[in-house]
Amino acid sequence: MSKTIAILAPGAMGSAVARRLGENGARVLTSLKGRSEATRKRAADAGMVGVEDDAIADADIILSIVPPGEAVALAERLAGLIVRREKKPVVVDCNAVNVDTVQRIEEIIGSAQAPFVDGGIIGFPPQPGGKSPAFYMSGEHARDLAVLRDFGLDVRIVAGPVGAASALKMSYAGIVKGLAGIGSAMVVAATKAGAADALREELALSQPAILARLEVALPDMLPKAYRWVAEMREISGFLGPDHPASQIYEGFARWFEHLAADAPGEAVDADLMKAFAASIARKKAE
């Protein structure tokens, strides 16, 4: 298989993955149409080559790495490009979408007669010299993506059809980000009620692992909150409208939406979260 891989789009994860692929000999393409100067610089720093859409369609593998709310629209755009090609790329949806959504995306890509793989990324963007996040892959063509191991990615095959990798991603994110949602909401509520110190001290005594996680998770989630809104709604959809817990994740979506909408200088709840995390670090240093 050729070493030409297209990644859409060159965000934090996409550009970091591109850098890892390039370090291991792949040629990585992307689309920079309508992108900001900051995004163009990030792509260039990662060694990505900005090309027209026709060249994207000529790649051997296309990795879709976008916010979940953009996944279907990107699939429709790709299908329109690929349908005219005799040689079809393998299209991999790597986004945090639920099973119904990824099956819809499979149908869209299938309408262009291109092989499709369901993917889910678990972990942080790869850093130079660091390990790759896990790329879970499922579906009929998933084993075709094992070649990406040769280019530095940690590819793990999930037994099962399209939807299996997304189900794993939804379940994992539902636990990890759900805990961040619970922790942040309760920290803010406790602080407003004057119980922040007491909560921190009790957690230090009875739940030290949770306290240590909050120290990192509270400030870390704030710049990502806007991206978690659609993901929480995808998890709600993964559970289904009749599942008693689906509204929990709709509530988390609203909470993260609230945090993301806080204006600079008026981010009261965000500031309370940061202050709680800082108090944990301060107490550890005493």
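These legends accompany several close-up views of a predicted model.

**View 1**
As background, strands of a sheet pair through backbone hydrogen bonds, in either a parallel or an antiparallel way.

**View 1. The pairing of S6 with S7.**
Here we zoom in on two strands of that sheet. Strand S6 (residues 116–122) pairs with strand S7 (residues 134–138) in the antiparallel sense, over 5 bridges. To find your bearings, look for Ile121, which stands opposite Phe135 in S7.

A UniProt record (unreviewed entry) places the feature "domain: 6-phosphogluconate dehydrogenase NADP-binding" at residues 5–123. That span is 42% helix and 21% strand, and its end C-alpha atoms lie 21 Å apart.

**View 2. Arg19 and its contacts.**
Arg19 has its place in helix H1. With a relative accessible area of 26%, Arg19 is partly exposed, because the value falls between the 20% and 50% cut-offs. Leaving aside residues up to four places away in sequence, Arg19 touches Asp45, Ala46 and Pro128. Arg19 and Ala43 are 24 residues apart in sequence, and their C-alpha atoms are 8.9 Å apart in space.

**View 3. Two backbone details worth a look.**
Most residues other than glycine have a negative phi, and most peptide bonds are trans. Leu8 and Ala9, however, are joined by a cis peptide bond, with omega at about 15 degrees. Ala9 is found in the loop between S1 and H1. The second detail is Gln113, a residue other than glycine with a positive phi, near 60 degrees. Gln113 sits in the loop between H5 and S6. Its relative accessible area of 54% is over 50%, so Gln113 counts as exposed.

**View 4. H4 packed with H5.**
The axes of helix H4 (residues 71–82) and H5 come within 9 Å and cross at roughly 10 degrees. This angle is under 35 degrees, so H4 and H5 are roughly parallel to each other. From H4, the residues Ala71, Val72, Ala75, Glu76, Leu78 and Ala79 meet Thr101, Arg104, Ile105, Ile108 and Ile109 of H5. Sorted by class, the contact of H4 with H5 has 8 nonpolar, 1 polar and 2 charged residues.

**View 5. H9 packed with H10.**
Helix H9 (residues 225–239) and helix H10 (residues 246–261) pack at about 170 degrees, with their axes 8 Å apart. This angle is over 145 degrees, so H9 and H10 are roughly antiparallel to each other. The H9 side of the contact includes Trp228, Val229, Met232 and Ile235, while the H10 side includes Tyr249, Phe252, Phe256 and Leu259. By class, the contact of H9 with H10 has 13 nonpolar, 2 polar and 4 charged residues.

Technical notes
Residues are numbered from 1 along each chain as its sequence is written. This is a predicted model: local features need pLDDT of at least 70, side-chain atom pairs count only at pLDDT 80 or more; totals for chains, interfaces and linings use all residues. Side-chain values use heavy atoms; hydrogens and water are left out. Two strands pair if DSSP finds at least two bridges between them. Helices (H or I, at least four residues) and strands (E, at least two) are DSSP runs, numbered from the N terminus. Axes are lines fitted to C-alpha atoms, for helices over the stretch in contact, and angles run from 0 to 180 degrees between N-to-C directions. Angles under 35 degrees count as roughly parallel, over 145 as roughly antiparallel, 65 to 115 as roughly perpendicular and the rest as oblique. Contact means heavy atoms within 4.5 Å. Ala, Val, Leu, Ile, Met, Phe, Trp, Tyr, Cys and Pro count as nonpolar, Asp, Glu, Lys and Arg as charged, and the others, Gly among them, as polar. UniProt positions are given in the numbering used here, feature names are shortened, and annotations may be inferred rather than shown by experiment. Buried means under 20% relative accessible area, exposed over 50%, partly exposed in between (1.4 Å probe, protein chains only).
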